[in-house]
Amino acid sequence: MFETLASPFRHLGALTINAIWRLGFAARFLGAIVMQSGQSLLRLQMTIREMYFAGVLSLIIIIVSGLFVGMVLGLQGYNTLSRFGSADALGALVALSLLRELGPVLAALLFASRSGSAMTAEIGLMKATEQLDAMSVMAVNPIARVVAPRFWAGVISMPVLAALFNVMGIFGGYLVGVVMIGLDAGTFWSQMQSNVDLHYDVVNGLIKSLVFGVAVTLIAVFEGYDATPTAAGVSSATTRTVVTSALVILALDFVLTAFMF
Amino acid sequence: MSHDPYIELRNVSFGYGKRQILSNINLRIPRGQLVAIMGGSGSGKTTLLRLISGQVRPQSGEVWVDGKNVATMNTRELYVHRRKMGMLFQFGALFTDLSVADNVAFPLREHTALPEDMIRDLVTLKLSAVGLRGTQTLMPAELSGGMARRVALARALALDPELMLYDEPFTGLDPISLGVIAHLIKRLNLALGTTAVMVTHDVHQSLNIVDYVYFVAHGEIAAEGTPDAVRQSDSPWLKQFVHGDPDGPVHFAYPAGTSLADDLSQGVR
């Protein structure tokens, strides 16, 4: 009887201890990455190569998504603003929504799905096929050679991708508001110019995306490195990367927004 | 050939959690010798290799390699130790994003400051030694299992190591590839004077090339000797292992704990 009652609590306790243990492990892992980052900086071509895979190959999804998100913002924004006779403020609405929230958050979610999952799968498969062991036996530290270049590539790529997302989103809003609906182009841009502050809106948005870049890339490389070296283990590590990244991005967004705006 | 021990394991025990893999192992491998470690699946052979390379540390005991205790080395010392060592993994463990030439060049680029044209020449020589000159531009996915193993061997030998560790080098090879790899291992051991430890199941091929054999069973050294002594041994355990007999002191079936009849009738009840 007591065993039956205690079992769920025991399970909950085990889950909590495991979560705290993994958090501590991830923090130590981040420390190890930073300590082993010298090679990534000295042999910059390794990091640039990873930036190509993490950043350049994500361009299509970022550009297309940014464009459509901006177009939807343009349509919905116009519908809502015109009810209050403020359709002229569409440029400011689109820009502020994208720069402060949608750009960093959606770009990070897309980055986690496209590049984060790929990083986890690649590192996990390298572990499963003993490539990381082989590297270590050849006296080459896998954290320095495999993990650190991917980590820095992700951290650098994320703000650039978020900025591109913003640019495409604003262009999408312009297409709908000015080209499709027929708002005045001068009003659209001047409203945006007068309501968007470089430091308060643009820089804070980029800081957000930098924080998301660190979080998503750390989760991706950590899950890959910690994956059970089997097909099922790599598969569940990849899933965990996407799910954990999404939750962490949204939670961090709330915290950062509370402090920034 | 010198007979001072290059590798010595003293009272080594190792386990994962509560599962004990090795208990109180003692073995000595003289410098320059090619030694095989044999035993059934799960007997702890590969763990012995991982202890020697410092990938895992013993729960108790000492692992001496070239006069240094690997079990107490820190990471920096371990990496210095590994620079003198090459390891051939069971399935090659080639880096799948690098070409054959880049795989073989990997340790040279990481640990030397040689110019690129010299690295290219060394890669060609190493690939030529394993009979794969002309495959430089191929990717690992384009290689057969035997070819991948030979490329991995060329990579392991790139820095002319003092110690070579082979993890199941003959698994899954066709007879020709198997013979070629066995010949290569022996030739490299003689030509370079490399100390080599080979974990393998292939009794007959191994007995033809090695200097000494250790048999591991139930986490202990069950038998040892030269290939001739092993072939002529009266030990029922050795006879069963060498001839691959189903009946003998070594049980093929996992100890299920219940009878087959009981298990089969469970579905009927």
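**Briefing: chains A and B of a predicted model**

Buried residues, meaning those with 20 or more other C-beta atoms (placed from the backbone) within 10 Å of their own, make up 44% of the 261 residues in chain A. This is a predicted model, in which local features need pLDDT of at least 70, side-chain atom pairs count only at pLDDT 80 or more, and totals for chains, interfaces and linings use all residues. Residues are numbered from 1 along each chain as its sequence is written, while chains are lettered from A and ligands numbered from 1 in the order in which they are written.

**Chain A**

- Chain A has 10 helices and zero strands; helices (H or I, at least four residues) and strands (E, at least two) are DSSP runs, numbered from the N terminus.
- The C-alpha trace of chain A spans about 65 × 60 × 30 Å along its principal axes.
- Of the contacts in chain A (C-beta atoms, placed from the backbone, within 7 Å) between residues at least 6 apart in sequence, 87% join residues at least 24 apart.

**Chain B: the sheet**

- Four strands of chain B form an open sheet in the order 2-1-4-5, with antiparallel pairing; two strands pair if DSSP finds at least two bridges between them.
- Strand 2 (19–30) and strand 5 (68–69) of chain B stand at the edges with a single partner strand each, so one side of each is left without a neighbour in the sheet.
- Strand 1 (residues 5–16) of chain B pairs with strand 2 of chain B in the antiparallel sense over eight bridges.
- Within chain B, B:G15 stands opposite B:Q20 in strand 2.

Conventions. Buried ≥ 20, exposed ≤ 12 C-beta atoms within 10 Å, placed from the backbone. Contact = placed C-beta atoms within 7 Å.
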